[in-house]
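This report covers aromatic pairing and nonpolar packing. The sequence and structure come first.

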Amino acid sequence: MKRRTFITLLGGAAAWPLAARAQQGERVRRIGVLMASAADDLENQARMAAFLQGLAQLGWTEGRNVRIDTRWATTNADDLRRHAVELAALAPDVLVAATGTATVAPLLQATRTVPIVFVQVTDPVGAGLVESLARPGGNATGFALFEYSTSGKWLELLKQIAPGVTRVAVLRDQASQTGLGQFAAIQSAAPPLGIELRPVGVRDAGEIERRITALAQTSNGGLIATTGAYVLVHRELILALAARHRLPAVYPYRSLVTDGGLISYAPDTIDPYRRAAGYVDRILKGEKPADLPVQAPVKYELVINLKTAKALGLDVPATVLARADEVIE
C-alpha cells in the first residue's frame, strides 16, 4: 500500500471515535483482534485501518457503540496462544483472526463458542478450520487468501518473464497443507512449460540457503516462493539469494517486490479487511459464522519491479507489462 493511502486510511480511522463520543446510550459491543505482526508494521497497520473504515461505514464507531481490543503479537506460537487466551477471556462478541492460520488456530483453541472472523487463510478446509467453504459449520468463517488453482499462474508468469528458465526451486512449508496444495498446482502446470521442479523445504535459514545455492550451480534456474509465514521471516535471505545468484523469482506477496523482488501475483490484501468488517457487522446483528460462507479473493494483483528485471538482464514482454497492476521503476 502506498504511504499516502495508508496515512489517509489511518487518519480517517482515528478521527471517527472523536466525532462519535457525543452520542450516548447505545449498547457497546466488544471486538477482539489478534495480529501476528509487530505493532509498527505499516502493511498490517493499513489493513487494520481498512477494517476500522469498513466498520465505521456500517455504523460501528469505537468509543460510541463498539470497543476494539487489539493484540499485536509476533509470529511466535507461544505469544500468539497467550494473546488468544487473553482475548477470549474478555468475553467479546466477536473475534477477528487478522493474519491467517497463525492467528485463527490459537483463537479456536481458546474458544469454540465466541464467533471468529478470519482473514488471509489459504486453505481453511485443509487446515481444519471449517467443515466446508459453503457451510463452515463451527464458530469460525471468513476470507480465504488464495485458491490453489492460481498457484500454477506463478510458474506461467515466471516462464513469460524469463523464457530461458528450465529448472525452478519451489519454496514450501512441508508441514503445511497449504504448501502441499500449492506445490501440486505448480506441478500440474510444469510439463507443458518444459520445466523441472525442485521442492525446497523451509525448516530453517540454513536449508533455504543450501538448496537455493545448489540450484544456482546449474544454468537456467528460477525460484517460486509459496505462501506462508516463512517467506516473511526469511524475506531478507530469500531476496538476497535470488539477487546474488541472479535467479528470476515469483513471490506470493507484493511487499517482497517493493523490497527488491522481481514479480508477485497475489490477491489484494487490503480489500478483505473491509469485507471482514461486513461479516463482523452481520454477526453483531445476530447471524452465525456457521451460516456465513468462506469468501474467496475477488481481485488478484500483478506487481513487477523493472529495476530488478534490468539487473537480471530480463526484458519484460509488453504483454506482461500491460497486465500489471503496478510497475516499480
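## Aromatic pairs

Phe-146 and Trp-154 are both buried (under 20% relative accessible area with a 1.4 Å probe, protein chains only; exposed is over 50%, partly exposed in between). Their rings form an edge-to-face pair, with 5.5 Å between centres and 75° between planes. Rings of Phe, Tyr and Trp (its six-membered ring) pair if their centres lie within 6.5 Å; planes under 30 degrees apart count as stacked, over 60 as edge-to-face and the rest as tilted.

Phe-146 also pairs with Tyr-300 in a tilted arrangement, at 6.3 Å centre to centre and 55° between the planes. Phe-146 sits in the loop between strand 5 (140–144) and helix 5 (151–161) and Tyr-300 in strand 11 (residues 300–305), so their pair ties together parts 154 residues apart in sequence. Helices (H or I, at least four residues) and strands (E, at least two) are DSSP runs, numbered from the N terminus. One aromatic cluster is formed by Phe-146, Trp-154, Tyr-265 and Tyr-300.

## Nonpolar cores

The largest nonpolar core has 51 residues, of which Leu-155, Val-168, Leu-171 and Leu-197 touch the most other members. Such a core is a set of buried Ala, Val, Leu, Ile, Met, Phe, Trp, Tyr and Cys residues joined through side-chain atoms within 4.5 Å. Helix 5 gives the most to this core, five residues. Another core, apart from it, has 27 residues, including Val-66 and Phe-143.

## Basis

This is a predicted model: local features need pLDDT of at least 70, side-chain atom pairs count only at pLDDT 80 or more, and totals for chains, interfaces and linings use all residues. Residues are numbered from 1 along each chain as its sequence is written, and side-chain values use heavy atoms, leaving out hydrogens and water.
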